[in-house]
Structures are given as structure tokens and as C-alpha cells.
Amino acid sequence: MTDLPVAETPSGTRAQLRLDTASWPVRAAQGIRETLGYGIGYALPFYFARSAKPVDPEPLWRLITTRQPAPVQSLIDAWPPGPRRERILRRFLEPSHAEGIEYHYDVSNDFYALFLDRRFMFYTCADFNAPGETIEDAQLNKANHILSLLDPKPGERIIELGCGWGSMMKHIHAHTGDSENLSGLTLSHDQLAYVRGTLGLNAELGDFITRDYGTETYDKIYSIGSFEHIKPDEVLPLYKRLHAALKPGGRAVFHFFSLNGTDRWPAAMVAAQAYFPGSTLSLHQDHLDWAGEAGFRLVHDSRHDYRPTLRAWFDRLAENRDKAHALVGVPVTNKYLVFFAASWTLFDLGKATLHRLVLMKD
Ligand SMILES: C[S@@+](CC[C@H](N)C(=O)[O-])C[C@H]1O[C@@H](n2cnc3c(N)ncnc32)[C@H](O)[C@@H]1O
């Protein structure tokens, strides 16, 4: 297998990920080429996204989430082969974070509002604790759990890394009444405008991975669903800087999903480049080792099931697909429907798990 064609190197990431619609035979030919190059998990979303025809949600869900016979799944997991997977991923990881983040998040706030919970607009795993709960109930459960882990108090300096649409900041502010000492960081222009303009909270456009946080600046640091974007080589240096940024006795709460097992370059992460170019997960054990090496003491590590949230977003988007087509077009809508189903499968196959960690600085 040769190296990636020039047009597909990371500097061409944007061009490669463009969703130009094409006829069925053209899409099929592209799909075969992409399957050979990157695996079926990468090719499938583009196959549907390049269609001018809306996907039929329920058959799509079944197609993507039905368990494959073991030999078929083994083939999917083994392609592209190991050394090539690492090479592809390292190339995708070369460009700046901003490129991939804007690609995923700057679709349109109104589009996200079509499937996210209406109270907070959380774009992260919720806690469905009882039968019949809605995504609104489940996101409130999650927000309350994180509030209990963070235990924020008025006057404490608190920062959220990757604040999205300010959902948790809103909940903390409602609890403490203190907006002055609360701030958030995002790389998305649309999210920044929403947090500042609509919520009236402090947010900055900035890269939380490379930022200088100073020494003993914060009482609490938290992040919900953003550590998935940190490149593996960056995790330990970031943990060290976050440890230094906390005051003694300070606390960090991190909610993110990470890889189970020991394969650092699985095929599923090559597939994920279709949605999050330039991001790949780290092993959970690596996160724990690096946090310890940075000086943190782990006091809490809970596991949460992402699947019901993904199904809820899929159902909401499917219900609202006419509005979505009008807002962002058929290809983007198709691609998100595939994304939710494919992510459900990632968790269903046990390849990744969502954790909430509480780390203390003694
Ligand atoms: C999945 S969203 C989660 C948002 C929010 N925390 C929530 O729970 O809904 C991930 C967020 O991380 C932000 N993000 C990702 N990488 C970042 C980086 N390097 N610097 C700043 N923000 C980043 C994105 O802009 C987005 O706001």
C-alpha cells in the first residue's frame, strides 16, 4: 500500500471532507476507493453524505448498528492494517486543532438546536437514569451529577475547557450566582457568540490545549466532552499545566470517552476522521497514568453509557429532518444521522467508554 495521495494529505483535509453530491455509481466508486484506503467506517458516512437524497432513518440505523458476524467484524477492525492506520492518523493529527473543530462545530447553532436538549444544548453524554426519561431529563441528571462532583462555590475561580454552548456554565451560574469568576474556552466562533451573546457569560476563543494557565490560578477546572480532541502526545503536558494551574487543594473534573484495551491506533479512529478530522482518542489507562504522573490524585472514576444519548439525538434529528434539510442541506443531515448510529456502535462494541474523573491537587 502506497502513501496517501497528495490531495488527501492533511493540508487537503478540508477539500477531502467536502460533501459534493454525486450520482450513485460515482459514490459507489468513491466508496470502494475510500474503503480500500481508510476502511468501511470512514467510507460509509461519505457515501450517504454525498447523496442528494435524504436517507431513510430507521433502515439506516439498523444497517449501521446491527452486530456483524465475528469474522466480518474482525475484517472491519483489521483494515487498514496496523502500521498504515498509525501513519494515516499521524498525518490527520498534523494540522492545527482549529481546522477540525470548526469543521465539526461551525455547522449552525440552529441545526444543533434541532436535536440537542432544549434546556441546555449539551453536546455530550447524558445520564438516562429511569425508563421514560427524555433527553432534557437526562441532561439535567448529568448536569447535577457533574455539579456534585465539582462542588462549585461563589468566589471560586472556575474554568471550563471546551465550553460548547455554555450548558454547564449556565448550570453552575444558576447554582452559585457568580458569573465573574466563571469562564469558558472554545475554538468555535458560533459557540462563542452564543455563550457571550445569548447567555451573557464569559467565554474566550482559545485553544485549551496550548494555553498558558499560569500558576495556582484556579480553584476548579472542568471539561465535558472535549478531551476527546486532545492528541495523545499532548495529554501529559496538558495534565502537567492544569495541575500547576490549580491552587493547592484544587479539583479537576473531566468527563470524556477513551479507548478500552491496548491498541492506540484502532481502525475505529481512522473512521472517526470523517467526523472529527485531527482528533483521536487515547487509551483510558494512559489517561490515568498521565494524570498520576502530572501529580493528580484520582478520587473518582465512574463509567456512563453513551448509547441512549446517541439514540435520542438520532431520533430528534430524524423527526426534524425537513427543517435540517432547509438549514444545512441533505448531505450534512445524512452525515450526522450516520455519525450518531456509528458512534452508538463504537460504544456497543465496547471499543470506547465514557468516564467521569475527579482529580485532586493535594
Ligand atoms: C463535544 S463539545 C462539548 C461542549 C460542552 N462541554 C458540552 O458539554 O456540551 C466539545 C467542545 O470542545 C471545544 N474544543 C475542542 N477542542 C478544543 C481546543 N483545543 N480548545 C478549545 N476548545 C476546544 C469545541 O469547540 C466544543 O465546544
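Helices (H or I, at least four residues) and strands (E, at least two) are DSSP runs, numbered from the N terminus. The structure described here is a predicted model, in which local features need pLDDT of at least 70, side-chain atom pairs count only at pLDDT 80 or more, and totals for chains, interfaces and linings use all residues. Residues are numbered from 1 along each chain as its sequence is written.

## Overall form

The protein chain contains 17 helices and 7 strands. Its radius of gyration (taken over C-alpha atoms) is 20 Å, close to the 21 Å that the globule rule (2.2 Å times the number of residues to the power 0.38) gives for 362 residues, so the chain is as compact as a globular protein of that length. The C-alpha trace spans about 60 × 40 × 35 Å along its principal axes.

A residue is buried if 20 or more other C-beta atoms lie within 10 Å of its own, exposed if 12 or fewer, and partly exposed in between, with C-beta atoms placed from the backbone. Of the 362 residues of the protein chain, 43% count as buried. Two residues are in contact if their C-beta atoms, placed from the backbone, lie within 7 Å. Among the contacts with a separation of 6 or more, residues 24 or more positions apart account for 76%.

## Two domains

The chain is divided into domain 1 (6–95 + 327–348) and domain 2 (135–307 + 350–360), with bounds that come from an automatic or database domain assignment. Their C-alpha centres lie 27 Å apart. Domain 1 gives 25 residues to the contact and domain 2 gives 17 residues. On the side of domain 1 that touches domain 2, α3 (40–49), α5, α6 (82–92) and α17 each supply at least two residues. Helix α6 gives the most to this side, with 6 residues. By class, this side of domain 1 has 17 nonpolar, 4 polar and 4 charged residues; Ala, Val, Leu, Ile, Met, Phe, Trp, Tyr, Cys and Pro count as nonpolar, Asp, Glu, Lys and Arg as charged, and the others, Gly among them, as polar.

## The nonpolar core

A nonpolar core is a set of buried Ala, Val, Leu, Ile, Met, Phe, Trp, Tyr and Cys residues joined through C-beta atoms within 7 Å. The largest such core has 100 residues, and those with the most contacts inside it are Ile221, Ala252, Phe314, Leu337, Phe340 and Ala341. Helix α17 (residues 330–348) provides the largest share of this core, 9 residues. Domain 1 and domain 2 both give residues to the core, so it lies between them. Not counting residues up to four places away in sequence, isoleucine 221 touches Ile159, Leu161, Leu242, Ala245, Leu246 and Ala252.

## The ligand shell

The ligand is surrounded by 23 residues, the closest being Thr124, Gly162, Gly164, Ile224 and Ser226; a residue is near a molecule or strand if its C-beta atom, placed from the backbone, lies within 6 Å of it. The elements that give two or more residues to this shell are α7 (97–105), α10 (167–176) and β2 (182–186). The largest share, 3 residues, comes from α7. The shell has 11 nonpolar, 11 polar and 1 charged residues.

## Individual residues

| Pair | Separation along the chain | C-alpha to C-alpha distance |
|---|---|---|
| Alanine 78 and alanine 267 | 189 residues | 6.8 Å |
| Lysine 153 and aspartate 178 | 25 residues | 8.3 Å |
| Histidine 171 and alanine 143 | 28 residues | 7.1 Å |

Alanine 78 is in helix α5 (residues 70–78) and is exposed, with 12 other C-beta atoms within 10 Å. Proline 80 is in the loop between α5 and α6, and the peptide bond from tryptophan 79 to proline 80 is cis, with omega near -5 degrees.

Lysine 153 is found in the loop between α9 (135–150) and β1 (158–161). With 13 C-beta neighbours inside 10 Å, lysine 153 counts as partly exposed. Histidine 171, in helix α10, is buried, with 22 other C-beta atoms within 10 Å. Not counting residues up to four places away in sequence, histidine 171 touches Phe120, Ala143 and Leu147.

Methionine 121 lies in the loop between α8 (109–113) and α9. Its phi is near 60 degrees, a positive value in a residue other than glycine, and methionine 121 counts as buried with 21 C-beta neighbours inside 10 Å.
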